[in-house]
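Student: I'd like to go through how the pieces of this protein pack together. Can we take it step by step?

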Amino acid sequence: MHDITPSVQFMEKAVDTQFYGCSGPFSFDSKTGHRQVTFGLYHLKSSEIAEQFGYWNRTSGLVLFNPNETHRNNWRFKKLRAITIIEPPFVELHNGTFSGYTIDVFEKVANMTHFEYTISECVDKNYGTLFKNSTWGGCIGQMLRGDADVIVGSLSVTTERDAVVDFTLPYYDFAGIQILVKKKAQETKLFYFLDVFHLDVWLCLVAVLITTSILLYMFDRFSPFTNVDQNGDQRVFDMKESMWFVIGSLTQSGGGDPPSSFSSRVLVAGFWFFCIIMMSTFTANLAAFLTARRYTSDLSSLDDLAAQTEINFSVMANSSTMRYFERMAKIENLFDTKWKKMNFKHGSAGDFEGNLAVWNYPVSEKNANIWKRIQANGMVANSSEGLQRVRDGNFAYITESPIVEYYTKKYNDLTSIGNPFSSRPYAFAFKQNSELVDQFSKHILQLQQKSVLEDLKRKWWPKSTEETKVKDSEGLSVESLSGTFIVLGIGLACSLLFLALEVVWDKYKKLGNPALGPTTHNVSVIYDRPSYQQKESSSFSNGSMFTYANPAFTDSGFK
């Protein structure tokens, strides 16, 4: 006797089970058997695709669809086989699971068309290479051989590819070619502020300071209108005082009381105007100089990159970018051959090609030279290798602009050069005459209209850098301003040195003249120019001071 326990357990599990099969809803009931069942009617369109044109169930009976009516009417006999290339942020692989912008778009479209799929990485790890024998390698070759049904990834739509596969509507527009480079390291210059003016400007500035000081000394000495003020005091502008006044005026910190004569004041007024213009110009140019030093690059376009030799550059092997430069080089070589043929062909004066000859070569060899350098530098196997070579320094990676945008936002030490060129969209690729192209295109258009694609872009492209590095918006570092502190330190050191010299000189004078002791006093004579009346002032060691006028000294001399 057989044990029927497993059968009973199976029936208990199956009771009230519900699911949606390929032909419609299906469920069991423990009492009545089939509670609900629907059988679909399908038209076999290919070996893998069937189109539903009606259904039957106990309630409605036979129902046929209107041919112009759209339904959930497609069913695959097997899962859709997708192949891809790992290219962040479009396709990423983490712990055996694919993710990324393109994967999210493909998954949404597959859900809308109710297709199941499997996804794997392309064997050759490139989207497609057209060989000389007109056969294809890479993902396109794998799909043409029947090993895949759809290519999912950042696949550019090109003329060569469109001849052998069918593309859906683009799910990513305007993917041009751009250059990825490492930001130039800022050179720390100690005396960066000296670069604001040329050397000849600094020499002229020093000459103006010296000349103005000499003129101020001469005007104060020879002007007959140099008077004392209301307190009977006057500032004598000798060379030392003149230099100090001029330097203080230049730095806009003030040099003390101005001279009293009108001629000296006219000289000072002109010098003050000169100081305002010079300091304003210096301040503005210093700000512009620091800004330009932080944010400008020596390279700004593909032409600049091709003209220099310090930085090597290359592209990814078997990519659409590689095909672009290869094709442009061939076009330039073709024009070069035609030009030589028209100019150097021997024939009669009425020869047609001879009449078309142009002696100035009308086409540049820019792309041909770029292609030669790309071949000499060697191509990278994938974008990860290109990224690593860029971050190692002295290398530029030429690739699609969405990849460049992603890397520049993710890594703060990278930047892009120039604007994108040769823009082409990204799309999914199927075999020719595939029934799925129109369905995918329809749902991609719906995603565009609902701004779902834009939301996915914001999800996968970072808004800010992920590395904890110094951002461009932060202020200047201590190293970049070290020259300013060095000048301050030199000024402090010189002041201490001069203080020591003054103390030594004062002690030397006292040792040479014993009369200048602690109990003696120094007498200074001051002359006022109008009356030539002598004044004497004395200062004692206890700090007291007095001033008196000597009546014995008059305009005519001593009495």
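Tutor: Helices (H or I, at least four residues) and strands (E, at least two) are DSSP runs, numbered from the N terminus. This is a predicted model, where local features need pLDDT of at least 70 and side-chain atom pairs count only at pLDDT 80 or more, while totals for chains, interfaces and linings use all residues. Residues are numbered from 1 along each chain as its sequence is written, and side-chain values use heavy atoms, leaving out hydrogens and water.

Student: Which residues of H6 does H5 meet?

Tutor: From H5, the residues involved are Leu-205, Leu-209, Thr-212, Ser-213, Ile-214, Leu-216 and Tyr-217. Their partners in H6 are Met-239, Ser-242, Met-243, Phe-245, Val-246 and Leu-250.

Student: How many residues of that contact are nonpolar?

Tutor: Ala, Val, Leu, Ile, Met, Phe, Trp, Tyr, Cys and Pro count as nonpolar, Asp, Glu, Lys and Arg as charged, and the others, Gly among them, as polar. In the contact of H5 with H6, no residues are charged and three are polar. The nonpolar count is ten.

Student: At what angle do H5 and H6 pack?

Tutor: Axes are lines fitted to C-alpha atoms, for helices over the stretch in contact, with angles from 0 to 180 degrees between N-to-C directions. H5 (residues 199–222) and H6 (residues 239–250) have axes 8 Å apart. The angle is about 135°.

Student: On to the rings: which kind of aromatic pair do Phe-106 and Tyr-117 form?

Tutor: Rings of Phe, Tyr and Trp (its six-membered ring) pair if their centres lie within 6.5 Å; planes under 30 degrees apart count as stacked, over 60 as edge-to-face and the rest as tilted. Here the centres are 4.8 Å apart, with 80° between the planes. So the pair is edge-to-face.

Student: Is Phe-106 buried or exposed?

Tutor: Buried means under 20% relative accessible area, exposed over 50%, partly exposed in between (1.4 Å probe, protein chains only). Tyr-117 has 25%, so Tyr-117 is partly exposed. Phe-106 has a relative accessibility of 1%, so Phe-106 is buried.

Student: Which residue of helix H14 pairs with Phe-430?

Tutor: Phe-430 sits in strand S19 (residues 429–431), and its partner is ten residues apart, in helix H14 (residues 436–449). The ring centres are 5.0 Å apart and the planes are at 65°, so this pair is edge-to-face. The partner is Phe-440.

Terms used
Contact means heavy atoms within 4.5 Å.
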